[in-house]
Amino acid sequence: MKSKHDVGVFGDRLRNAIRRRDMSVAEVADKAGISQTSIFYYMSNSANPSLFSLVNLAKVLNVSLDWLVGLKPFEYQQFRQNRGNYND
């Protein structure tokens, strides 16, 4: 049974956010200043990102940091499907 803060949540949400934004890993990596290899490791939960990487990923993907790391169950209030604009 997965807990709210299961380690796998981050990788799953990162993959989901990249897909929702219709971006490639290469695009995300370039915009976030992170290597593609690191992003693949994060998505497979083989490595833990630094705070710098987390913040940049959340900004590039227009999602809240709380949602990305599994502290919030839903992100749809902040994410507009077509525009992908993040609202506080």
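Gly8 is buried, at a relative accessible area of 13% (buried means under 20% relative accessible area, exposed over 50%, and partly exposed in between, with a 1.4 Å probe and protein chains only). Gly8 sits in helix 1, and its C-alpha atom lies 9.4 Å from that of Val69, which is 61 residues away along the chain. Keep in mind that this is a predicted model: local features need pLDDT of at least 70, side-chain atom pairs count only at pLDDT 80 or more, and totals for chains, interfaces and linings use all residues. Residues are numbered from 1 along each chain as its sequence is written, and side-chain values use heavy atoms, with hydrogens and water left out.

**Overall layout**

- The protein has 5 helices and 0 strands, where helices (H or I, at least four residues) and strands (E, at least two) are DSSP runs numbered from the N terminus.
- Going along the sequence, you get the pattern α-α-α-α-α.
- There are 88 residues in the protein, and 40% of them count as buried.
- Take the contacts between residues at least 6 apart in sequence: 50% of these join residues at least 24 apart. Contact here means heavy atoms within 4.5 Å.
- The accessible surface comes to about 5600 Å², and carbon and sulfur atoms hold 50% of that. Those areas come from the Shrake-Rupley method with a 1.4 Å probe, and for residues only the protein chains shown count as cover.

**The nonpolar core**

- The largest nonpolar core has 21 residues, and those with the most contacts inside it are Leu14, Val28, Ile39, Leu57, Leu61 and Leu68. A nonpolar core is a set of buried Ala, Val, Leu, Ile, Met, Phe, Trp, Tyr and Cys residues joined through side-chain atoms within 4.5 Å.
- Two or more residues of this core come from each of helix 1 (8–20), helix 2 (25–32), helix 3 (36–43), helix 4 (51–61) and helix 5 (65–68).
- Helix 4 gives the largest share of this core, with 5 residues.
- What does Leu68 touch, leaving out residues up to four places away in sequence? The list is Val9, Phe10, Arg13, Leu14, Leu54, Leu57, Ala58 and Val63.

**Helix 1 against helix 3**

- These two helices pack at an angle of about 125°, with their axes 7 Å apart. The axes are lines fitted to C-alpha atoms, for helices over the stretch in contact, and angles run from 0 to 180 degrees between N-to-C directions.
- That angle makes helix 1 oblique to helix 3, because angles under 35 degrees count as roughly parallel, over 145 as roughly antiparallel, 65 to 115 as roughly perpendicular and the rest as oblique.
- On the helix 1 side, Phe10, Gly11, Leu14, Arg15 and Ile18 meet Ile39, Tyr42 and Met43 of helix 3.
- Sorted by class, this contact has 6 nonpolar, 1 polar and 1 charged residues. For the sorting, Ala, Val, Leu, Ile, Met, Phe, Trp, Tyr, Cys and Pro count as nonpolar, Asp, Glu, Lys and Arg as charged, and the others, Gly among them, as polar.

- Buried residues of helix 4 are Ser53, Leu54, Asn56, Leu57, Ala58, Val60 and Leu61.
- Their cover includes helix 1, helix 2, helix 3 and helix 5.
- Asn56 counts as buried at 17% relative accessibility, and its C-alpha atom is 8.6 Å from that of Ile34, 22 residues apart along the chain.
- Just after helix 4 comes Asn62, in the loop between helix 4 and helix 5. Asn62 has a positive phi of about 55° although it is not a glycine.

**Loop between helix 3 and helix 4**

- Asn45 belongs to this loop, and its phi is near 55°, a positive value in a residue other than glycine.
- Is Asn45 buried or partly exposed? Asn45 is partly exposed, with a relative accessible area of 31%.

- Ser24 is in the loop between helix 1 and helix 2 and counts as partly exposed at 33% relative accessibility.
- Val25 is in helix 2 and counts as buried at 13% relative accessibility.
- Not counting residues up to four places away in sequence, Val25 touches Gln36, Ile39, Phe40 and Met43. From Val25 to Ile39 the C-alpha distance is 7.2 Å, and the two are 14 residues apart in sequence.
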